[in-house]
Every structure is written in C-alpha cells, then in structure tokens.
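Here is a short briefing to read beside the model. Please keep the sequence and the 3D view open.

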There are 2 protein chains.
Amino acid sequence: MKVGKDVYLAFSPERIDPGNTVYTVTNTPKVVGGMTETCTEVASCFYRQVISDVVPVSSPQAAEMTKLLENTFRSVNIALVNEVALMCDRLGIDVWEVIDAAATKPFGFMPFYPGPGLGGHCIPVDPHYLAWKLRTLNFNSRFIELASEITRSMPAYVVAKVGDALNQFEKNFKGSSILVLGVTYKPDVRDIRESPAIDIIEMLKSKGADVSYHDPYVDRFSVNDLDMTSVALDEGRVGRSDCVVITTNHSSFDYEWIVKTAKCVVDTRNATKGVQAGLEKVVKL
Amino acid sequence: MKVGKDVYLAFSPERIDPGNTVYTVTNTPKVVGGMTETCTEVASCFYRQVISDVVPVSSPQAAEMTKLLENTFRSVNIALVNEVALMCDRLGIDVWEVIDAAATKPFGFMPFYPGPGLGGHCIPVDPHYLAWKLRTLNFNSRFIELASEITRSMPAYVVAKVGDALNQFEKNFKGSSILVLGVTYKPDVRDIRESPAIDIIEMLKSKGADVSYHDPYVDRFSVNDLDMTSVALDEGRVGRSDCVVITTNHSSFDYEWIVKTAKCVVDTRNATKGVQAGLEKVVKL
C-alpha cells in the first residue's frame, strides 16, 4: 500500500472555540495538509461536504504548525497581558481600564484579558508539543517557555491577593472561610480541564483556609487529592465567608448581589465591571 | 497656579500608523487622561473639535499605559512570529504559508509577519520606557526584554541567510557584491529611524562584502560610520550582484523582474510571494 496511490493520508487540526455560538465547526475554515497533492485534494473534498471553507496547505506539517501558531499566539498574548496586569498593579493603574482604552485602536491591536491562569485542553498544552520538538533540534522556544512560566504563576498571585484582602480585616488564611465562585476554565462551559481555579483551591487549602466552591455547571469534581461538592449560593454562605473569590465569570452569576452580600470579593475576571455599589469591597486583579 | 483650577493638564498619547491611508489622525480614537475630571473634560473638548472619537480615561498614567500596551503588544507579537520563523526554518516548513493559513481563523488570531528586525520611532523604543520604569520598582518586564532580544537578533539571522545563499556559488562575503533593496523600516515611507536594513548593511560591510543599496524613498543616508548614496536599479547592477537582499518590500519594486535578473535573492519580507518564475533562486526568511 502506497500513500498517495492506494491510500490517501492528510492531516487537519481541530479549530474550535468551545461555547462560541457564532463560529462552529461548519463555518470555521478548515486547514488541510496531505502527504501528496492528491491526498490534500481527497481530504479537502471530504471536508467540503460539511464545512463551508477548506484551506489546503502544502503538507501535514504545515497544517499542524498552523494550529500550533494559533494556539501559541493565544498562549503568549494571554501571558503578556497577565504580565501587564502585574505591572499595572505595581504602577497603581487599573489594567482593565487600560485594555478597554487600547481596544478602541482600530488597527494593529487585539484585546486579551488577564485572569487567574490558563485552562482547557488546547492553549496550555499544545505549545509544549512544539517546544518539545524544537528542543530535539537544539532550539529553545523562549516565548512558549516564558508564557507558560508567567501564566503558571497567576494562581499564586491570586492567592496573594486573597491574603491582602483578608489582611484588611486582620485575618489570614488559617481559620478563614473562603468561597470560590466558578471552577471551569472559562465562563458558561462545563470543562474543568487544567482550570486554574483548582490550583487556587489547592493553595488556599494548603494554607489552612476552609474552602468551598459554587459552580452552576459543576456539581462535583475530583482532581488530585480534592473531592468537592458545589455548595448552594445563598445569602448565608456568601455573607458568612471571609472572602469570595470570583475565578470564573459565568454569566448567570448576579454580581451586584454577590458584592452587596459578601464581606469582600477578589475578582480575577473583571466580572464586577458593571456593579455600581460596594466596589470598595472588591479587590481586582 | 493650581492644576484643575487655574490650569488644566492632561495627557494624550500619539496613536498613528505612518502610511496608513484608512486611519489618520481625525478618525483614530484619541485616548485622553487628565489630572482631574475637569482637566480630562477640557482636553477632550479640545480634541473633539478635530477628532471624531475621544476616549477619556481616569488619569494621565492610564493614558500613557494604553499607548505602552498597544506598542508592547506589537513588539511582542512581531518578536513571537520572528521566533516562529526560526522554528519553521529548523522544521523545514514555510512560515509564510503557515501565517496565511492561520489568518483564515475567524476568531482569536491576528496575523503578524516576520522580517529583518524592527524599526520606526515607536515600537522598538517605547516598551523600554515601561521596562525602565518597572525596573525602578524591582520588576523585570520579561516579555519586553525577550521581544527586544529576539528582534535584535534578526539582522544577524538575515546576514547568515545571505552567507548560505553565497555558499551555493562557492562564494563568501569577502569579495562578493551585495545589493540591498530598501533601507526604510517599512514599505512606502521615507523613515529610516531604527531601520534593520542599516544594521544588515553594517554587518555585511564588516565581513568585507562590497555593499550598495537602492531605495526610491532614500537618495542618500548617513548613519554612524555609514554614508551611502542609492544606486540605480538597472539590469547591470542587479545582474552583476552576487546576492540581492530585499529588506523593505516597497510596492514600486518589480519583483518579477528582480528575481528574473538577479543571480540569487534573499527575501526577508515575502515580497516575492506573487512571483512565478525563478523561485529556485530565492531564499526566504
């Protein structure tokens, strides 16, 4: 059996944004690279049955590199804006205001937002395949390594912010009750793979805090040594907690009510952007 | 004299893309941050006389940070794609094909292109103000430093590609004549500030090559020890040169003719993208 004659072999990387209702599988252009020109043609023909736009490239390697560039671009830009958030913190500037202002530039800019870390099964993972491959060729993928380093440090930064918030009330982690809102890696999905909320919960627990969580999408989860069940999001729980940490900005949360009810809030997602009252209780990233 | 009462003080950063005919000063939103709310209002009122969209922010610091974020975003993304170009070179993949394929992703991606380095008076310079300020606060701006390091290494990479090109003909730099096309930092402008072409010319000369240049926008320039005059772009000059290096992709160049006439071409800008014949003579970044 010979490839390109008896069998036709091509590669097409996944290109999907979970939760995106505008761009789904059928209207997202599909990159296809075959071992031979005929392979590319046969595979493209197959995909054209269901996908409106097929983009042929010259090889399976070029197709895979396309996906790796897309994901590395996101990984690096998320890490960059996380570093900018750390800078703004030092400078006493609101990073969210700066990003919104920069996003008014009609050319050459694309907004990314800081957060408690990176999750999902693509962005935190795929660039490392590329870095590994390049290491075998004696090439150090410095942007991928730096992006990973900075983003992996974000959960610890969030925990430090929680410590600062508790400090206002002359409290520390030990003996404090902390409610974490949202454990999925992004809003309005059920996926907790690589979710930074899990790291944050682990760190808070290791410092002796009494941690509970609520997530409308995740009734229960079990990761590493953690085995937790979502608690009810009621006035007693929110009001009694020493600190409420917003780790995922699910759209179903009533942020106005959360801020009104909580003693203090650490908001890692700018989820309280629209909230009017009680903002003095909110610590943002 | 008191700021906000007797005098009104505000800051608004420059936001301009030289050569851009779609977005000019009047239709590019202008970010304004005053020392007080009245300062912001007075300055916004002033700008609104000529600029269609004014974006007020809470302070002069936030306004400056907006510009620094915009320019750092560009600096980092250009450096990232330069590193991806180096990776693709190791992997034997055409980086330009990969970028074009990635650019078909309708969300979450913005294409940047590799090149011989970074020029102009903003992108290579501004992020370093920010890095300097943060250093005084004991914070190391790692993305800015890495971006600068990678981009500053590109001229040497281009020179190495020229060496590889000459090597095909059993030649080296010494005794070879090299024609550099374009010394401005980007196409169709007259600006040579921080232009990487100058670094490339200096390196080629220091290795003993006989270097000349042609640029329809720059008849003559004098930078550091260099004092050069643009030569004519004729068949004799192009055909006689051992290597032609395209450093700026001016739209007035006839790339088809250049490739046809030259012995070999190092194309740092994918300027020969549309050329059909003679591509075996072209070495791309």
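A residue is buried if 20 or more other C-beta atoms lie within 10 Å of its own, exposed if 12 or fewer, and partly exposed in between; the C-beta atoms are placed from the backbone. With 21 C-beta neighbours inside 10 Å, B:N270 therefore counts as buried. This is a predicted model: local features need pLDDT of at least 70, side-chain atom pairs count only at pLDDT 80 or more, and totals for chains, interfaces and linings use all residues. Residues are numbered from 1 along each chain as its sequence is written, while chains are lettered from A and ligands numbered from 1 in the order in which they are written.

**Chain A overall**

- Chain A has 285 residues, and 47% of them count as buried.
- Its C-alpha trace spans about 75 × 40 × 40 Å along the principal axes.
- Chain A holds 9 helices and 10 strands. Helices (H or I, at least four residues) and strands (E, at least two) are DSSP runs, numbered from the N terminus.
- Three domains divide chain A: domain 1 (10-58), domain 2 (63-151) and domain 3 (155-284). Domain bounds come from an automatic or database domain assignment.
- Between the C-alpha centres of domain 1 and domain 3 of chain A lie 40 Å.
- Take the contacts in chain A between residues at least 6 apart in sequence: 63% of them join residues at least 24 apart. Two residues are in contact if their C-beta atoms, placed from the backbone, lie within 7 Å.

**Where chain A meets chain B**

- Chain A gives 47 residues to the contact, and chain B gives 47 residues.
- On the chain A side, the elements giving two or more residues are strand 3 (54-57), helix 2 (60-91), helix 3 (95-102) and helix 5 (142-152).
- Helix 2 of chain A gives the most to this side, with 16 residues.
- By class, the side of chain A that touches chain B has 29 nonpolar, 8 polar and 10 charged residues. Ala, Val, Leu, Ile, Met, Phe, Trp, Tyr, Cys and Pro count as nonpolar, Asp, Glu, Lys and Arg as charged, and the others, Gly among them, as polar.

**Helix 2 against helix 3, chain A**

- Helix 2 and helix 3 of chain A pack at about 125 degrees, with their axes 9 Å apart. Axes are lines fitted to C-alpha atoms, for helices over the stretch in contact, and angles run from 0 to 180 degrees between N-to-C directions.
- The two helices, helix 2 and helix 3 of chain A, are therefore oblique to each other. Angles under 35 degrees count as roughly parallel, over 145 as roughly antiparallel, 65 to 115 as roughly perpendicular and the rest as oblique.
- Helix 2 of chain A brings A:V81, A:V84, A:A85 and A:C88, which meet A:V95, A:V98 and A:I99 of helix 3.
- This contact has 7 nonpolar, no polar and no charged residues.

**Helix 6 against helix 7, chain A**

- Helix 6 (residues 154-167) and helix 7 (residues 196-206) of chain A pack at an angle of about 50 degrees, with their axes 9 Å apart.
- Helix 6 and helix 7 of chain A are therefore oblique to each other.
- Helix 6 contributes A:M154, A:P155, A:A156, A:V158, A:V159 and A:V162, and helix 7 contributes A:P196, A:D199, A:I200, A:M203 and A:L204.
- By class, this contact has 10 nonpolar, no polar and 1 charged residues.

**Positive phi**

- Most residues other than glycine have a negative phi.
- Phi of A:E194 is near 60 degrees, a positive value in a residue other than glycine.
- A:E194 lies in the loop between strand 4 (177-181) and helix 7 of chain A. With 17 C-beta neighbours inside 10 Å, A:E194 counts as partly exposed.
- B:N270 has a positive phi too, near 55 degrees. Its place is in the loop between strand 9 (265-267) and strand 10 (282-284) of chain B.

**Two sites in chain B**

- B:S195 sits in the loop between strand 4 (177-181) and helix 7 (196-206) of chain B. It has 28 C-beta neighbours inside 10 Å and so counts as buried.
- Leaving aside neighbours within four places in sequence, B:S195 is in contact with B:G119, B:V183, B:T184 and B:Y185.
- B:T38 belongs to helix 1 (residues 37-48) of chain B. With 14 C-beta neighbours inside 10 Å, B:T38 counts as partly exposed.
- B:T38 and B:A10 are 28 residues apart along the chain, and their C-alpha atoms are separated by 9.5 Å.
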